[in-house]
Amino acid sequence: MAKGRKRKLGKRTKTGQLSRAGLATARIDRGNDRAQAMRALYGDNCSDAIGRAFERGLLGSGTEAKSMLDTARAIHRAYWAWYANGPVRCALADRSGVAVQNDVERERRQEAWLNDMLRIAGRSGHSSRVLFDQLVVDINPDCGPPWLDRLLARHGSDDDWGRLSAALVVLAECAGIRHMEAKCA
């Protein structure tokens with residue numbers, strides 16, 4: 001009776017080791033059928049609510065829509081970096097590959113920017129801030145918020161369009177652009 005790990009399958013050399021011939025062809029996992037359908041529908045923007053809304057044209061069009069998308073993603077990244085874990089640090093190196101130096105001033109500016117964005121978001125009132133958070137801050141990798149899912153499926157009600165519009169007014173103010181009302185897609 002054998003003990004330990006199961007023997008790996010594959011061709012073997014004369015010495016009994018796994019053959020390395022043909023290892024250059026890596027198998028790419030594209031996910032399940034639903035993941036492939038989401039990528040086909042939304043492209044690279046399928047992994048967050050704001051990206052799905054952008055791909056469907058719910059943020060508008062042109063540079064203003066792209067600016068709103070970029071601002072929303074920057075707020076999302078900064079929010080979760082600061083309020084979930086604190087600033088991202090590594091004991092070995094930063095993203096550029098050089099030794100870490102505490103850049104306190106840069107971190108202070110980043111936190112001040114995030115606080116300014118959240119202050120802007122809070123000025124519109126509690127209900128608008130909740131809708132903004134659902135669209136921008138909350139983690140919605142596959143679906144959600146429900147009102148956005150209904151709009152993306154083209155089954156949205158007037159209330160859903162109102163929710164989207166309220167969230168986009170706040171986001172446009174954060175992005176520093178003049179926002180037009182959301183249009184039915």
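## A lysine on helix 3

Lysine 66 is partly exposed, with 40% relative accessible area. This value, like the others here, comes from a predicted model. Lysine 66 pairs with aspartate 70 in a salt bridge, and their closest N and O atoms lie 3.0 Å apart. Aspartate 70 is partly exposed too, at 38% relative accessibility. Both residues belong to helix 3, and because they are 4 residues apart there, about one helical turn separates them.

## Overall architecture

The protein has 7 helices and 0 strands. Read from the N terminus, its elements run α-α-α-α-α-α-α. The chain has 185 residues, and 29% of them count as buried.

How much of the contact set joins residues at least 24 apart, among contacts between residues at least 6 apart in sequence? The share is 57%. The accessible surface of the protein comes to about 13,000 Å². Carbon and sulfur atoms account for 51% of that surface.

## The nonpolar core

The largest nonpolar core contains 39 residues. Phe132 and Leu135 have the most contacts inside this core. Which helix supplies the largest share? Helix 7 does, with 10 residues.

Phenylalanine 132 shows what such a position touches. Leaving aside residues up to four places away in sequence, phenylalanine 132 is in contact with Ile75, Ala121, Val137, Ala167, Val170, Leu171 and Cys174.

## Salt bridges

The structure holds 10 salt bridges. One of them is the pair of lysine 66 and aspartate 70. Another joins glutamate 105 to arginine 108, with the closest N and O atoms 3.3 Å apart. Glutamate 105 and arginine 108 sit 3 residues apart in helix 4, so about one helical turn lies between them. Arginine 108 is partly exposed at 49%.

A further salt bridge connects arginine 150 and aspartate 160, at 2.7 Å from N to O. This pair links distant parts of the chain: arginine 150 lies in helix 6 and aspartate 160 in helix 7, 10 residues apart. Salt bridges with shared partners join Arg150, Asp160 and Arg163 into one network.

## Aromatic rings

A pair of aromatic rings is described by how far apart the centres are and by the angle between the planes. The structure has 2 aromatic pairs. In one, the rings of tyrosine 79 and tryptophan 80 have centres 5.3 Å apart and planes at 80°, so the pair is edge-to-face. The cut-off behind that label is an angle over 60 degrees. In the other, the rings of tyrosine 79 and tyrosine 83 have centres 5.2 Å apart and planes at 55°, so this pair is tilted.

Tyrosine 79 and tyrosine 83 both lie in helix 3. They are 4 residues apart, about one turn of the helix. Together, Tyr79, Trp80 and Tyr83 make up one aromatic cluster. How exposed are its members? Tyrosine 79 is partly exposed at 21% relative accessibility. Tryptophan 80 is partly exposed at 31%. Tyrosine 83 is partly exposed at 40%.

## Cysteines

How many disulfides does the structure hold? The count is 0. Cysteine 46 is buried, with 12% relative accessibility. Buried here means under 20%, so cysteine 46 falls within that class. Cysteine 143 is partly exposed, at 45% relative accessible area.

## Before helix 1

Alanine 21 is located in the segment before helix 1. Alanine 21 counts as exposed because its relative accessibility is 65%, and the cut-off for exposed is over 50%. Lysine 11 lies 10 residues from alanine 21 along the chain. The C-alpha atoms of these two residues are separated by 8.8 Å.

How values were computed: Residues are numbered from 1 along each chain as its sequence is written. This is a predicted model: local features need pLDDT of at least 70, side-chain atom pairs count only at pLDDT 80 or more; totals for chains, interfaces and linings use all residues. Side-chain values use heavy atoms; hydrogens and water are left out. A nonpolar core is a set of buried Ala, Val, Leu, Ile, Met, Phe, Trp, Tyr and Cys residues joined through side-chain atoms within 4.5 Å. Buried means under 20% relative accessible area, exposed over 50%, partly exposed in between (1.4 Å probe, protein chains only). Helices (H or I, at least four residues) and strands (E, at least two) are DSSP runs, numbered from the N terminus. Contact means heavy atoms within 4.5 Å. A disulfide is a pair of cysteine sulfur atoms within 2.5 Å. A salt bridge is a side-chain nitrogen of Lys or Arg within 4 Å of a carboxyl oxygen of Asp or Glu. Accessible areas come from the Shrake-Rupley method with a 1.4 Å probe; for residues, only the protein chains shown count as cover. Rings of Phe, Tyr and Trp (its six-membered ring) pair if their centres lie within 6.5 Å; planes under 30 degrees apart count as stacked, over 60 as edge-to-face and the rest as tilted.
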